[in-house]
Amino acid sequence: MDQRPQQLPYSHEVQGMKILFCTFQFPDYGLDTLYSALYEQLGAESIFEYPEKGILHGEKHNRYVNYPIFFNLPKIKTDAEKFEMLRNNEFDYIVIGCRAYANYTYNRNHHRHHDDDFFTLIKEKSRDLPTILVDQGDDRGINYSLIQALNAKLYLKRELLKNDPSDPLVKPFNFSYPGVPHDIHSNFILDLFWAGKVSPTREPYILAAEELLNTKFYNRYRQSVYKKTLAEYKIGLNLKGLGNDTVRYYEIPAYGGLLFSEKLDIVIENDFKDGETAIFFESTDEMKEKLLYCLHHESFVDKIRLAGFKWFTKYHSNKVRATQFMEKIWQIS
């Protein structure tokens, strides 16, 4: 892998810059894709995750069987070396992956994976170093206790509701998806693709679509088969999950499919536009009406899905999201 910084709008500013990127050890799609894109753009000597996270360095495990993407980044420093770098003031920024209602040391098994000495050092250094919190969790709300504890200058929030009170410290920051090298004109099935967990909020839409199409969706695929199958459809269905923002919201247009989505309640900068780069609905009746129209107007579908692919490439690939991240943190320096 070429570890030299790419040519970015701010590339003249990154020479010698170092970011400490504190993350969770369990898979976190938003943080993992952001770290990987920053690593590729800035270079191996500019960004360091803490603690060392196996999935970023090629670790394979059954718990990752349904994970959308994999990484194989070289290891540059040990955790002990990163600890000393922080102690010796070698970092220019501290980035903290967090959750809305959990302490920095939280993980899904409620076990701590950052020792007290490290967290104490983080709090001390955050008084002088620009510290950014990145909340890619499903929960709504802002972790103000962590903002205060770590003197955070910026809080980037995935699930920022449109009607939330304005706070200059809090900015929207959503999922993204890697660019997919394939022929977007290869989508050839004018039909609807769906696969996923059937939650109570999703079930009415799934049942309505199955009734309209006179079919039963197959919900379990190996990742390789899933991606190949998704790329064969002209229309992809997106429904809210535990949060509003989903991987599929970006994955469908990345593969050249028409984003056919439940309307979301969160702020998405440079969002897809209904009738131009995506199709949105707010009820099962509206979904069926719009889907039926799409299934009988292939040229309409092609026009929107190809425009959606261009929109994704311009605003929502993981590389673009990394650039947007750097532009946001540059403003607080």
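In this predicted model, Asn 151 belongs to the loop that links helix 4 (144-149) to strand 5 (154-157). Its backbone deserves attention: Asn 151 is not a glycine, yet its phi is positive, at about 50°. The residue counts as partly exposed because its relative accessibility is 31%, a value that falls between the limits of under 20% for buried and over 50% for exposed.

Asn 270 sits in the loop between strand 9 (258-262) and strand 10 (279-281). With a relative accessible area of 34%, Asn 270 is partly exposed. The backbone has a further feature in the peptide bond from Tyr 50 to Pro 51, which is cis, with omega near -5°. Pro 51 is part of the loop between strand 2 (47-50) and helix 2 (79-87). As background to these features, most residues other than glycine have a negative phi, and most peptide bonds are trans.

The largest nonpolar core comprises 57 residues, and Ile 19, Leu 38, Val 134, Tyr 177, Phe 272 and Phe 325 have the most contacts inside it. Helix 1 (residues 29-42) is the element that gives the most to this core, supplying eight residues. Another core, of 26 residues, lies apart from the largest one and has Phe 83, Ile 122, Leu 146 and Ala 152 among its members. In soluble globular proteins, nonpolar side chains tend to be buried together.

Aromatic side chains provide another view of the packing. Across the whole structure, 22 aromatic pairs are found. One of them joins Tyr 249 and Tyr 250, whose ring centres are 5.2 Å apart; the planes stand at 75°, so the pair is edge-to-face. Tyr 249 is buried, at 0% relative accessibility, and Tyr 250 is buried with a relative accessible area of 0%. A single aromatic cluster is formed by Phe 193, Tyr 218, Tyr 221, Tyr 226 and Tyr 233.

Arginines also take up positions over aromatic faces. Arg 321 lies over the face of Tyr 250, at 5.8 Å from the ring centre. Arg 248 lies over the face of Trp 194, at 5.0 Å from the centre of that ring.

Methods:
Residues are numbered from 1 along each chain as its sequence is written. This is a predicted model: local features need pLDDT of at least 70, side-chain atom pairs count only at pLDDT 80 or more; totals for chains, interfaces and linings use all residues. Side-chain values use heavy atoms; hydrogens and water are left out. A nonpolar core is a set of buried Ala, Val, Leu, Ile, Met, Phe, Trp, Tyr and Cys residues joined through side-chain atoms within 4.5 Å. Buried means under 20% relative accessible area, exposed over 50%, partly exposed in between (1.4 Å probe, protein chains only). Helices (H or I, at least four residues) and strands (E, at least two) are DSSP runs, numbered from the N terminus. Rings of Phe, Tyr and Trp (its six-membered ring) pair if their centres lie within 6.5 Å; planes under 30 degrees apart count as stacked, over 60 as edge-to-face and the rest as tilted. A charge sits over a ring if NZ of Lys or CZ of Arg is within 6 Å of the ring centre and within 35 degrees of the ring normal.
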